[in-house]
Amino acid sequence: MKSLRKLLLFSTVALFLIGCSDFSEGASDDTLLLADTKVETSDNKKNKEPISINELEQRIFELVNQYRINNDLSPLELNEEVSKIAREHSENMAEGNVAWGHNGYSERAEMVSSIIAWEELGENLARNNFSSPALKALDEWSESHLHEENMVGSFNMAGVGVAISSDGEYFFTQIFVRD
């Protein structure tokens, strides 16, 4: 019965995730994996603990690495150049310069290519305004097949970018890289 519920939940999530797909671009061996999620924002904003953007980026990176370790995988190496690319996308979404989603992903992939000759690239997005935004993002990613696929994929490094909108919503972008 549990398996049936998980299958139904996965099917429902899969039907509603827009822009979440696997596709190849460029060289035939290059793989791009995309996953995004919007979390309902029903948590009380008054309970938010003050935390810097840098601390949030470090927190989500550590949480994803802990998730990998718990699944008997090696932790990812943080790449600051990839983080700058992820951060710019989060800032653009938070400021309303681009729509929520993977818009401009090909350009980000090219930017990563200019620093790293990658074999596989993945991207997870999340947004929420919960009191523990990084933990909520990880929770949502771990419950989504496409997000989890990126988190436990054969990647060896990642970059993370977080931004906050004027209304207090956090935007997360994590780019996963296998070189």
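Guide: Start with Asp72. Its relative accessible area is 74%. The cut-off for exposed is over 50%, so Asp72 counts as exposed. Keep in mind that this is a predicted model. Where does Asp72 sit? It is in the loop between H2 and strand E3 (77–78). Now look at its backbone. Phi of Asp72 is near 60 degrees. That is a positive value, and Asp72 is not a glycine. Most residues other than glycine have a negative phi.

Glu57 makes a salt bridge with Arg87. The closest N and O atoms of this pair are 2.8 Å apart. Glu57 has 8% relative accessibility, so it is buried. Arg87 has 18%, so it counts as buried too. Shared partners join Glu57, Glu80 and Arg87 into one network of salt bridges.

How many salt bridges are there in the count? There are 9. Let us visit two others.

One of them pairs Arg108 with Glu123. The N to O distance is 2.8 Å. Arg108 lies in helix H4, residues 105–113. Glu123 lies in strand E4, residues 120–128. Here a helix is linked to a strand, with the partners 15 residues apart. Arg108 has a relative accessible area of 6%, so it is buried. Glu123 comes in at 0%, and it counts as buried as well.

Stay in strand E4 for the other one. Arg127 lies in this strand. Its salt-bridge partner is Glu169. The closest N and O atoms are 3.4 Å apart. Glu169 is in the loop between strand E5 (157–164) and strand E6 (170–178). The partners are 42 residues apart in sequence, so the pair ties together separate parts of the chain. Both Arg127 and Glu169 are buried.

Now put the pieces side by side. Asp72 is exposed in its loop.

Notes. Residues are numbered from 1 along each chain as its sequence is written. This is a predicted model: local features need pLDDT of at least 70, side-chain atom pairs count only at pLDDT 80 or more; totals for chains, interfaces and linings use all residues. Side-chain values use heavy atoms; hydrogens and water are left out. A salt bridge is a side-chain nitrogen of Lys or Arg within 4 Å of a carboxyl oxygen of Asp or Glu. Buried means under 20% relative accessible area, exposed over 50%, partly exposed in between (1.4 Å probe, protein chains only). Helices (H or I, at least four residues) and strands (E, at least two) are DSSP runs, numbered from the N terminus.
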